[in-house]
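The structure is a predicted model.

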Amino acid sequence: MATIHFIQQGKGGVGKSMIAAFLVQALRHIGHPVLVIDADPVNATLAGFKEFNAVRLQIMKGDNIDARVFDEILELVMPLDAATHVVIDTGASSFVSFGGYLKENTVVQLFQEAGHRVFFHTIITGGQAITDTVYGLKVMAQDFASAPIVVWLNSYFGEIAMDGKVFEEFNIYKEHSHQFHAIISLPEKNPITFGRDLQDLLAKRMTFQAGITSSTFGIASKSRLKTYWTELLTLVEQAQLTSGFVPDPEPVPVQPVPAHQAAVEDEGLPHEAGVAEGNIDEGEAQEPSANEADEAAGGYEC
């Protein structure tokens, strides 16, 4: 049956929709038909890519989210065959409401009982957003224990570490690593060259293939986009998202390759606030308390 990818994070502007766009392109390149569903009530990033033919769910009724609109996801996905992948992007502002809908209506269980595979994807960033993004992962892991999680690490905003501890030493990893299907470290690139090219690509809502062949980009930019695209494909293939899922004692660690190309002085991917996530302040899920966030990250425990 189909493979369903829920892309979620309660913290806005950290690269969620960028990851969703990358995943759609990689899965299609591998050879899978991909149904794209854009349920972001504010920044419909995926719907902006004409090649995606995304289904746009209008979940806002006035100023409120109409959770019944999410019922359409079940109708769209249930009949799909095994070769098809589904990528569903929801906004940070609907993180709580969509998670509540999935739990209340036992959506994950319904999909699994019908033979579909379900993955949750989330992104962890460094810098000031690290505790918020880790807390979002904690909520996801606790609420959906039966579904494997793919963790994407984006160090553009800073090193993903707290009190000298890397992600694999955080409490969230110690408590929930058995739920993590893969940990994907995004390639670290110079933001002035690679980063600017990626920003432009996302701002124009262009796929990698379109950008590489378009006259919009110069020779050097096309070369950098091709390099990044090649590395991204390798990461997705290593994450084993298209093969039969068998729980492993340890999640699949996926590092950018080749390693020497990632060893640049300036770290990270472009911040797509105002690009992949749009210019409008989409809002965020309710902020965790300082104690909750720090406990999840393990920032104050040895």
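Helix H1, residues 16-30, and helix H9, residues 219-238, have axes that come within 10 Å and cross at roughly 80°. Angles of 65 to 115 degrees count as roughly perpendicular. That makes H1 roughly perpendicular to H9. On the H1 side the contact is made by Phe22, Leu23, Gln25, Ala26, His29 and Ile30. H9 contributes Tyr228, Trp229, Leu232, Leu233, Val236 and Glu237. Sorted by class, the residues of this contact are nine nonpolar, two polar and one charged.

H9 also meets helix H7, residues 191-203, and here the axes come within 9 Å and cross at roughly 90°. H7 and H9 are therefore roughly perpendicular to each other. From H7, the residues in the contact are Thr193, Phe194, Asp197, Leu198 and Leu201. From H9, they are Ser221, Arg224, Leu225, Thr227 and Tyr228. Five of the residues in the contact of H7 with H9 are nonpolar, three are polar and two are charged. Tyr228 of H9 takes part in the contact with H1 and in the contact with H7.

Arginine 224 forms a salt bridge with aspartate 197, and the closest N and O atoms are 2.6 Å apart. Because arginine 224 lies in helix H9 and aspartate 197 in helix H7, the pair ties together parts that are 27 residues apart in sequence. Are the two partners buried or exposed? Arginine 224 has a relative accessible area of 21%, so it counts as partly exposed. The cut-off for buried is under 20%. Aspartate 197, with a relative accessible area of 5%, is therefore buried.

The count of salt bridges in the model comes to six. Another of them brings the text back to H1. The side chains of lysine 16 and aspartate 40 meet in a salt bridge, with an N to O distance of 4.0 Å. Lysine 16 lies in helix H1, and aspartate 40 lies in the loop between strand E2 (34-39) and strand E3 (55-56), so this pair ties together parts that are 24 residues apart in sequence. Lysine 16 counts as buried because its relative accessibility is 2%. Aspartate 40 has a relative accessible area of 0% and is therefore buried.

Lysine 16 forms a salt bridge with aspartate 89 as well, and in this pair the closest N and O atoms are 2.8 Å apart. This pair links distant parts of the chain, with lysine 16 in helix H1 and aspartate 89 in strand E6, residues 85-90, 73 residues apart. Both lysine 16 and aspartate 89 are buried. Salt bridges that share partners join Lys16, Asp40 and Asp89 into one network.

Next comes helix H3, residues 95-104, whose buried residues are Phe95, Phe98, Gly99, Tyr101 and Leu102. How are they arranged around the helix? Seen down the axis of H3, the buried residues fall within an arc of 155°, so they line one face of the helix. The face of H3 turned away from its buried side carries the exposed residues Val96 and Glu104. Several elements cover the buried residues of H3, including strand E1 (3-7), helix H2 (71-77), E6, helix H4 (107-113), E7 and helix H5 (130-143). E6, part of this cover, is also the strand that holds aspartate 89. After H3 comes threonine 106, whose phi is positive, near 45°.

E7, another part of the cover over H3, spans residues 117-125 and includes threonine 125. The relative accessibility of threonine 125 is 0%, so the residue counts as buried. Which residues does threonine 125 contact, leaving aside its neighbours within four places in sequence? They are Val14, Ile130, Thr133, Asn154, Phe157 and Ile160.

The last stop is a loop residue. Histidine 178 is found in the loop between helix H6 (171-176) and strand E11 (180-185). With a relative accessibility of 54%, histidine 178 counts as exposed because the cut-off for that class is over 50%. Proline 251 lies 73 residues apart from histidine 178 along the chain, and 6.9 Å separates the C-alpha atoms of the two residues.

Definitions and conventions
Residues are numbered from 1 along each chain as its sequence is written. This is a predicted model: local features need pLDDT of at least 70, side-chain atom pairs count only at pLDDT 80 or more; totals for chains, interfaces and linings use all residues. Side-chain values use heavy atoms; hydrogens and water are left out. Axes are lines fitted to C-alpha atoms, for helices over the stretch in contact, and angles run from 0 to 180 degrees between N-to-C directions. Helices (H or I, at least four residues) and strands (E, at least two) are DSSP runs, numbered from the N terminus. Angles under 35 degrees count as roughly parallel, over 145 as roughly antiparallel, 65 to 115 as roughly perpendicular and the rest as oblique. Contact means heavy atoms within 4.5 Å. Ala, Val, Leu, Ile, Met, Phe, Trp, Tyr, Cys and Pro count as nonpolar, Asp, Glu, Lys and Arg as charged, and the others, Gly among them, as polar. Buried means under 20% relative accessible area, exposed over 50%, partly exposed in between (1.4 Å probe, protein chains only). The arc is that of the directions from the helix axis to the C-beta atoms.
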